[in-house]
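Student: I would like to learn how to read the features of a structure that is new to me. Could you take me through one, step by step?

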Amino acid sequence: MNNILKQINQNRYFLLFILLFAYVQSIHTRIGIRRTLDWYIFTPEAAVVTLISACILFFVIDFFIKNWQRSSTFSVSEVLKIFSVSLLTYLLVMKIIGFIIAFIFGKVEKNFNQEVVILSTFSDLIGGFIYGSFFLAYRYYKRNTEYQKQLALYDHALSESKINQLKTQLNPHFLFNNLNVLDQLIEEDKHKASDFLNEFAEIYRYVLDVSDKKIVSVEEELAFAEKYFKLIQYKYGNAYSLKINPVKSPGRIIPLSLQLLLENAVQHNLGTIDKPVLITIKIDKAITVSNNVIPKRNRKKTSGRALNNLKEQYNLLTDQQVEIIKTETEFSVIIPVIPT
């Protein structure tokens, strides 16, 4: 009983629609027959009886769907099979109920002569087709809605998993590159190496803090980028310079994205005191990180994994794409700002 009440409550709006439709249908039928307007035309008993009959049909269809539906997706052949068998079963059930009621009131001969049986069967068949169609449409709409929700949850979980995988690739990449810098500094200048190590330890705390975050504020990432660039200058001095325009942005970006682009500019360009590499970070609706191109002579071939990694993360989080613009004199990467 509790289960039936729960089902009624969950589908109350659909049942209300069926009741209203049956009520309007009964008014239309009575006006067509009586050709006049009186209080009897608007009485609701016919609509209530139709609702009860429709609920019997719904129960029959639901029974066959649960027992015969094999595919998880919509199948025309299965639906036609279920619907046709449900209609025949419904007609049989209605005839049995009608016979029982007629027998109780002693009206079997009146209600079950050939003409009445044919007319009532035809009426039940038309009504069953109409209300059964409503129920099937509603049932498969609900099923599709639930499927879409499950699909959305699955996509979200998959995106989360992919993002975490991509991050686990970036963090060791960051650590490895900076340990290489530290190794070189130890050979060149132990005092510089000590200072570098202290600052690196402080900066790496940020890397660990954001490792479980999908996005961070633009200001937070800019502050980190400036600190990180100081580490670059420990090794290269003024051969590389950084310029950031002062525009504030309320949006968010992927953690370590600016650091990755700074590292990319240094890795692919040879800066000197006479010909420094100028890296500019411009903030607008998107963030543009650009640098003048001074290619290294004996440049190692790189996989571009870090930049592809960044692209994949943005593809998972937003419809906007990472853009790369390359000319003979300038290289730019445009990363979208994600609205808060």
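Predicted model: local features only at pLDDT ≥ 70, side-chain atom pairs only at ≥ 80, totals over all residues.

Tutor: Residues are numbered from 1 along each chain as its sequence is written, and side-chain values use heavy atoms, with hydrogens and water left out.

Student: In what sense do strand 4 and strand 5 pair, and over how many bridges?

Tutor: Helices (H or I, at least four residues) and strands (E, at least two) are DSSP runs numbered from the N terminus, and two strands pair if DSSP finds at least two bridges between them. Here strand 4 (residues 277-283) and strand 5 (residues 286-292) are antiparallel, with 5 bridges, and they form a hairpin with 2 residues between them. Within this pair, isoleucine 281 has valine 289 of strand 5 as its bridge partner.

Student: Which residues of strand 7 stand opposite isoleucine 287 and asparagine 292?

Tutor: Strand 5 also pairs with strand 7 (residues 330-336), in the antiparallel sense and over 7 bridges; isoleucine 287 faces isoleucine 335, and asparagine 292 faces glutamate 330. Strand 7 is joined as well to strand 6 (residues 323-326), by 4 antiparallel bridges, and these two form a hairpin with 3 residues between them.

Student: Is strand 7 largely enclosed or open?

Tutor: Buried means under 20% relative accessible area, exposed over 50%, and partly exposed in between (1.4 Å probe, protein chains only). Because 6 of its 7 residues are buried, strand 7 is largely enclosed by the rest of the structure.

Student: Is isoleucine 104 buried or exposed?

Tutor: Isoleucine 104, which belongs to helix 4 (residues 76-104), counts as exposed because its relative accessibility is 60%. Ile104 is also part of a nonpolar surface patch that includes Leu92, Phe99 and Phe105, with about 940 Å² of accessible area together. Accessible areas come from the Shrake-Rupley method with a 1.4 Å probe, and for residues only the protein chains shown count as cover.

Student: Which residues does UniProt list for "transmembrane region"?

Tutor: UniProt positions are given in the numbering used here, with shortened feature names, and annotations may be inferred rather than shown by experiment. The unreviewed UniProt entry lists residues 12-33, 39-61, 82-105 and 117-141 under that name. In the model, residues 82-105 are 96% helix and 0% strand, with end C-alpha atoms 34 Å apart, and residues 117-141 are 100% helix and 0% strand, with end C-alpha atoms 35 Å apart.

Note on methods:
Patch = residues over 30% accessible without salt bridge, like charges linked within 9 Å, V, L, I, M, F, W, Y side chains within 5 Å. Salt bridge = Lys/Arg side-chain N within 4 Å of Asp/Glu carboxyl O.
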